[in-house]
Amino acid sequence: MDDADSIDLSDNDEFMLDVEITAANVQDAINMALADDDNSNSNLTTNVDLPQLSDELINFDGNKFGEELLFKIDNDNIEKILYQHWKTFVPQCYIYHTNLIKGIIEQRTQEILFRPLDIYLYGTLNTDDAIQIIRSYNKKSTVCGHLFKSEEPTYFCRDCCVDPTCVLCTDCFLQSEHRKHRYKMNVSAGGGYCDCGDPEAWKQNVHCNLHLPHDDNNESADDILNRLPSDLRLRAKNLFNILLRFIIKLLCTGNYQDIPNELKNEYWDGDHKNYVTILFNDEVHTYDQVIHVLSRAIQCTKQEGHELASLVDREGRTAIRIGTTEQCRDVQQTIRIRTADVPLKCEIYPNSFISLQYFAQKLLTYLQNIIELSDGFRRIFCECEIECDDELDDITRTEKALLSEKMLWKSARSALHQIFINSFFMDSEWKKTFAILYMKNYSTVWRNFVKDPDEYVSFTDLSVQVYTVPTLAKYLISSHNAFQTIVDSFLEYCQSKLDHGKLLFSRTTNASLQHEFRRAQSILYDLKYLLGVVPQEYTVELRENFLNGFRVFLQLLSYMHGMDKVARQVGQHVEFDPEWETAFNLVIKIQSIISSILDWCAQDKELLLGAYEATGLTLAEIQKTSDISHLIKDKNNSSIVKTTVNDLKVDCYAYDVAKDPISVHIPVVRLFVALHIHLQKYTNTATTFNNLCEKLKIYPCFIYEEALRIQVLGAQHVAGLWKRNGYSLSNQIYYYSNIKCRKEMYDRDILALQVGASLTPSDTYLIQLMHKFNLLEWIRSPENGHSSETESKVKEKVRIMEEFLHLLLIIIGERHEPGIGKVTREEKLTREVIHQLCISPMAHSELIRGLQDSGQLELGSGDFEAVLKEVADFKRGNATKGNYELKANRLLEYNPFYYHYSKADQCKSEEYVIKRRKLNDDGISTTLFIPCPPLFTESFQPIIHILDSNIFLTLLKACIYRSADSKAQLWSEAILNRALHLITLACYEQERESNFEFYSKCQKSELDKLINQLHLNTPSKAETCKELLAYVIKLYNKFNETNEQLNSSTITTNQDTSDLTKRAQRKRKDLAAQKRAKIIAQMTELQKNFIEKNIQLCSDSIDEQQISTIESISPGTSSQLSSLISSSDQQILSTSPNTEFKFEPMSIDDTYPIIQCCFGRNDIELSQTTKQILTCIFCQENSEVKLNSEALVLSAYVQNSRVLSKTRTRRIENWDTFDPTFMSNDLHWGVHVSSCGHAIHASCWTKYHNSITSQDHRRTLRMRGSANYDTERNEFLCPLCQTLSNTIIPILPSLRIFADERKLAQISFNEWLDGLDKALNGSIESRYELDTHEQQIFFNPCPLTTITKMMAERVAQNFQLLFGFAGDSRVQDFSDSIRERLMNFAKNVYVFGLNVDPDDDNDRIPIILWTSCSYTIQSTEQLLRIDSKSIFSQLSIRQSELINCLTKVSAVYGSLHDSDKIKKHCLKLLSVLLLTRTNIQIPSLIDIDLFHLLVSLCFTLPILFASKQTSPSLTNVPTGNLNDLYLVRLILMAHCIQILSSQGFLYEIKNDNSQQFIIRHKNDDDDDAEKETIQKLIEKIIKNQTPPSSSIQLLSLDEILDKLKQSLLPLLRCTALFYHHLTGISWPGESGLDEYSIICHYLGLPICLSKLFDIENERFSNDLINNWISNLSTSKSLIKYPILVNELHPLPKEYIDLMNQVSQGVAPYKYARDEARSPCICLTCGDVVVRSSSSSITTPNLLTTNSLISTLLNIDQTVGPCNLHTQQCCGPVGLYLRVKECSLLLLNIINDGRINKTRGTFIPAPYLDDYGETDQNLRRGNPLHLCDERYHALYRRWLSHAIPEDISRNMEFNNTSIYAHNWSQF
Ligand SMILES: [Zn+2]
Ligand SMILES: [Zn+2]
Ligand SMILES: [Zn+2]
Ligand SMILES: [Zn+2]
Ligand SMILES: [Zn+2]
Ligand SMILES: [Zn+2]
């Protein structure tokens, strides 16, 4: 089945049809069906109500039966015995059942059906040994012949392959010389085979090391057989014959009654319930149609329908109903009625027949395995294949199979196909035998294929294997007339399309007929292969048969000649655009055949003359039947009219392009002129031509007449005369000169005109041309530039004149074609490349695409590479694609009238070349002159006399006259310009040939004077041509140095040139001024439309390298804003402290007073509260960030994340009930917030958001979900930079303003700890639950007074000071706007972070908010770490803006929430750190992420003692006081213990140095103290740990210390980041210290660990440590410190390694069109993900009860393997490398069990070829190497959680909507 075929031309990219076919991929997925058999196992079957195994079946002894066969060895009855056996057992072993996924169940088949055959063949029960012995008879093979499965990589060598169908398998490739050559890789679609060892496939290095020939290899054919024992040979022959006979009888029959009676069991005819309805595949109906029909016919669900449809697609047929005849017939009837227009094929058979057929297919696979064992077997098998079964006719078995394609279905066909390849094609003798048989039945085979609705696998695919063998092809042409046979077969299909002798296609014919003709066109590929290699020698038969073929080929061309005629539409616009595509597709297919034909003819004189004459004959026929023009009234008149110009009488064709019908298809003429240019090698061209014309009565001018008409058509089309003829004509004209078709269209027509010019007197020729262009007035009255016609008519005429002069420039100037000019192919190519690069610098692939025969160039020899190197420099971009830039010295070769330029190319190239020449500044004029063309060959030399003909000079005179005449209407600048270029060409010729008459005629007609005059007083309208004029005069004057008059003009020229330079300078200045003005204008524009402009800017700059650029976009566009922010920040931060310290909370070395500690300074007077002013991106107004004003917000994106997770397998099953209080230290989940950092008013945002939501509502009516964001999930794009967002964060002012002005509390660390301990233990209450009989522990926060009562007075006072805030009425409160935004943000973080339903009162909301704060900081820290950046001031603005907002919002959020709940949360958190006297259920300290704990505690501690009367206010906001200092110290101590007691820490050396920080040790005294402290800790820890095995040594103290500090750093960095943004204290300046020390200083902590712990002095903390250690010993955490940043899976350097890795690891997939089956590598874990089989995604139990069916998932919701893997491995974001496609798949999955939405995008894989280009979809197949920069860029995007954003941007870029692709199927 197939989706409706699109018209080939509709899509430019798919236009190249002929590149698709190679031997490796032509039998598109031929193996699909077979591969399925290979891995078949019957476990797919389920508990469907199948019949029980009969006793007969269970008890059958295969060995016994096999021995019986062996005893009857000489008995002819073996076949009968086997038939009897099969009749009984096959239907029992293969049971068909519609309820089975595979449709069939196999039971004991190996034992019952195949084992006896083995025993018989090998003559023993011990078959394994026998096989070993048989193998040993084989000689080492010198050919590979490995059959490709689909998805297998293949390799093609550009240096050595004979044609692109020659490929190697992986094993051979890796063992061959070719891997050092310029190879290409591809992925086979299956069905081809490895050509290693075939001398006809390789120019050199025929054999790989595995298949090297050895000395005794030249033995005769008999030896292969004689190596096998004679009895074995006999049995093999006998068995193969029996099996083959059986197979052919069963498979190649249309009627089940035809098979031998011995095979029919009792369920054959009559009344039984074992009939079956079989549904067949076709290419007409789509899946959906089939599913729909099936659901009606057999009442199946959509899911079952899909299964059946895919089974039909894969196998070619399937059983859909089993039952009585009536039941089966009903189904058949329904299906036929429901598909009445094109009925689906559907037949009824007895079940047993289907089983036998299935067995026959299985036997083919069985035989294939056997003949692979031994060369001898293979040869015997070949012999059997060409035997005949029927005495009556002598059709061999092979032919029988070939001819019965229409009876066969896909899997049977491919089985036969494979065995043919495996037998005949592995043996050169037999290959020939097969080729002859194939040729004999060629037309029938094709007829079957063309009529066949299931085209997917066909015997016609064997053509490529036959015809690409050069010797075979030559043999078939000369001895079996293959050329003619093939063309005849195609002509058969053309007959039905003929209308008045021309092909005619229409859009309205029915689909199946259209499919038929499309299929028939593939015959032309066979012709291409057949003629692909030109023979070295020609024999008489070869010539004769070639010409036979050539003549019928001419017949085909004459059918095309003049097809799709159009006449100019006047008055009314054309009603229907007529069909035109098929003709052009034919042209494309024929193109390569014609090149081959020409190559054949050019090599041999006789052949060439024969072909020339044959073509002439056809041409004469065409001339006779060509249309009579409306100009001729009398039909008997000749179609020639006499035209007179200046007394010259000229024969012209009576034909008016504007009125008579015209066709762009004139292949016969084109072939004729193509042959014509080869004549000069052997004869006198002109004489041969004239003789031929005379003999065949061809008007010589007919040769170019039709080509000329098409040029006129083109000119008139440009001039707008054909506007009313619609798109059909425009498209034809476009493709006529497009790269894809021009070789056999436009180029040949120019050739025809050149041939004409070379054979016709120049004046006559020019008059004929101008007659057709309707421009004779120009030469009849050259001085008259006026016209009486309307202005538009005048414009038309001028346009046509311009085109005419352009054409003359081409006819005379285009000589870079071997045969026309004296040039080599290489020079032609060089010129092509130069002109391509004159358009702009290009990437390699882009360049290749614009060249003729690009396919061959890329595959062919190194010529192209050499040319490229010579003319261009490769400029490699940084991790982007590199471009080729034309070398400066080659710019002079630029011809602005290069004939392959389109109008657009011409403009672009002129601009580019002028720009480049200006840059060079080496005196080269920027005026573009046509370069001097090469010499014509002798036969084309007459063309130059156009330039010195009288008519030409008259024409020039007309042009110059009219330039001087300011009132002339029939004139344009372009006309003058072209005329001057023509004069330039004439001067070049004059220089070359002294007797050239141009100069003398110029003087005579005083043309030179006219030119000089024009130059001296150039009218303003011709000003731009002045430089060109000067150049022309300079050239001209070379021929007359003595002439004084002209000398004077030389002087003027010189003056002119000095003038020129001045003018050039002025021009440059003007340009600069213009540029400046432009920029200013742009800037004002920018300011005006700031928003729209930027939106556009962003979308514009998203391109292929998007990954690397996105990062820079948003900060860039916001620089204005950010500088504002940072400057105001600076102001806050630079407030210097002027207060003395009376109290030292901790002993800190003050060696570095420059570093300001961020804590303990809440007594600082903040006299001047710095204002923070931001500009709203929406309304452009400035606003100050204040608490009590309207909220300013940043758009932000919240996502659930598993990027930092250390345990990929850990998953949270139910987010609704999940308790997030403690974050585990493997960070296995998290909530990440990102933002683009653009500020907007909350009210402005609301306006914007409302507008996009309503927009989206409106849009859903028309095109659902066409945006790249999902409004259902609250998504929107930042109005400025289009970053994907789903919430907004309010921006808050500095929190310093909340700090009240109380005195600094003076309390020691121990006292503080003691206080908290009291608070914790005082708050724990327990209650005995009556119903559960358990002690229930809960928190009841006790008031501050209760605790202070227990303290000494001083301590109590200070503790009170620290915690007991009085509600301060002076502190301003939030505005409603800010409050609302705060609450909303927290809710959104909760909803999108956990993917749960909104729940305003959920207790987890603050916790998730704080989690998101810590997690975002941690991921930022890691991002900096992989870039080896310090945390100080190296954040991007976007990052720091976000963290700033996020910390502040998190900090104030606690005071908005229910204080009681916060207090309880705080106590719960404290209970992990402090000693509790009861056992509460909490996780062990060792498993907790301490940074999360720190952040949560920091936010909750200030609220712990908030009094109930005054609910928490903004005074309860953390601002970096003593609380924070002690908290950090406590956490750090705990972290030390956590690290030291982690598993293996004390024993294992760090293994990864890449992510290490540098830590220097400075102070020796401290060092010793530190060591002492650590030593003590270690001792305590070891005592508590279970000792490891004695062999492991403890690390040295130095190593441990170093490792410990390394491990502490991530936490320290995060903490410093956190407090920096919370307090706003500026970063320390440059101090020369290492990062560890700076951070310690910044946080007010001692660098020396011994001071941190202070074990001696602080008794309380000592107890705490002991307690921790004794509790930690029980933990089983597997986290290793230092914790490293997660990395993406390392990829191999070479892409082929990846291909091989995947092709070996994964079974080939079977659906060619199934996206989900391509192997993908998960980049987060490295697993290869592939859908294993079609059934794995569905419930195996398909039918039976209704309840089961209802539980089946809807097919649309089945989730693909990457989706499944993503959810298990990496959470919501998945990164996959699709190996076959060489692209990256980015997925973003939102799945909470209720909704499951997936979106994704494809981007190129990070592999580049040698030209610096990616190769998505492996279109080019060059060797690819990993680009580390690209991969690292992807890694950074992933780590910075930007993948959802990238997907959104890429979708916008590709204009796809979010869910358009069904991404969940991947
Ligand atoms: Zn091979
Ligand atoms: Zn090999
Ligand atoms: Zn090679
Ligand atoms: Zn605004
Ligand atoms: Zn933005
Ligand atoms: Zn994975």
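Colleague: Why is C907 called exposed?
Modeller: The relative accessibility of C907 is 53%, and exposed means over 50%, buried under 20% and partly exposed in between (1.4 Å probe, protein chains only). C907 therefore counts as exposed.

Colleague: What kind of model is this, and how is it numbered?
Modeller: This is a predicted model, in which local features need pLDDT of at least 70, side-chain atom pairs count only at pLDDT 80 or more, and totals for chains, interfaces and linings use all residues. Residues are numbered from 1 along each chain as its sequence is written, chains are lettered from A and ligands numbered from 1 in the order in which they are written, and side-chain values use heavy atoms, with hydrogens and water left out.

Colleague: What makes R916 and E885 a salt bridge?
Modeller: A salt bridge needs a side-chain nitrogen of Lys or Arg within 4 Å of a carboxyl oxygen of Asp or Glu. The closest N and O atoms of R916 and E885 are 3.9 Å apart, so the pair meets the rule. R916 is in helix α39 (residues 903–920) and E885 in strand β13 (residues 883–886), so the bridge ties together parts that are 31 residues apart in sequence. Helices (H or I, at least four residues) and strands (E, at least two) are DSSP runs numbered from the N terminus.

Colleague: Are R916 and E885 buried, partly exposed or exposed?
Modeller: R916 has 9% relative accessibility and counts as buried, whereas E885 has 21% and counts as partly exposed.

Colleague: How do you know that E1006 forms a salt bridge with K1009?
Modeller: The closest N and O atoms of E1006 and K1009 are 3.1 Å apart, so the pair falls within the cut-off. Both ends are partly exposed: E1006 has a relative accessible area of 40% and K1009 one of 38%.

Colleague: What makes R1210 and D1226 a salt bridge, N to O?
Modeller: The N to O distance is 2.8 Å, so this pair also passes. R1210 and D1226 both lie in the loop between β16 and β17, so the bridge ties together parts that are 16 residues apart in sequence. R1210 is partly exposed at 38%, while D1226 is buried at 4%. Elsewhere, R1438, R1837, E1845, D1846 and R1849 are joined into one network by salt bridges that share partners. The structure holds 57 salt bridges.

Colleague: What makes D747 and H900 a polar contact?
Modeller: Their side chains come to 2.8 Å. A polar contact is a pair of N or O atoms within 3.5 Å; within protein, one must be able to donate a hydrogen and the other to accept it, and residues adjacent in sequence count only if both atoms are side-chain atoms. Leaving aside neighbours within four places in sequence, D747 is in contact (heavy atoms within 4.5 Å) with R742, Q852, Y899 and H900.

Colleague: Why is L1227 called buried, and what is its phi?
Modeller: L1227 has 8% relative accessibility, so it counts as buried. Its phi is positive, about 45°, although L1227 is not a glycine. L1227 lies in the loop between β16 (1192–1201) and β17 (1230–1241).

Colleague: Why is Q1282 called buried?
Modeller: The relative accessibility of Q1282 is 10%, so Q1282 counts as buried. Q1282, likewise not a glycine, has a positive phi of about 65° and is placed in the loop between β18 (1276–1277) and β19 (1284–1285).
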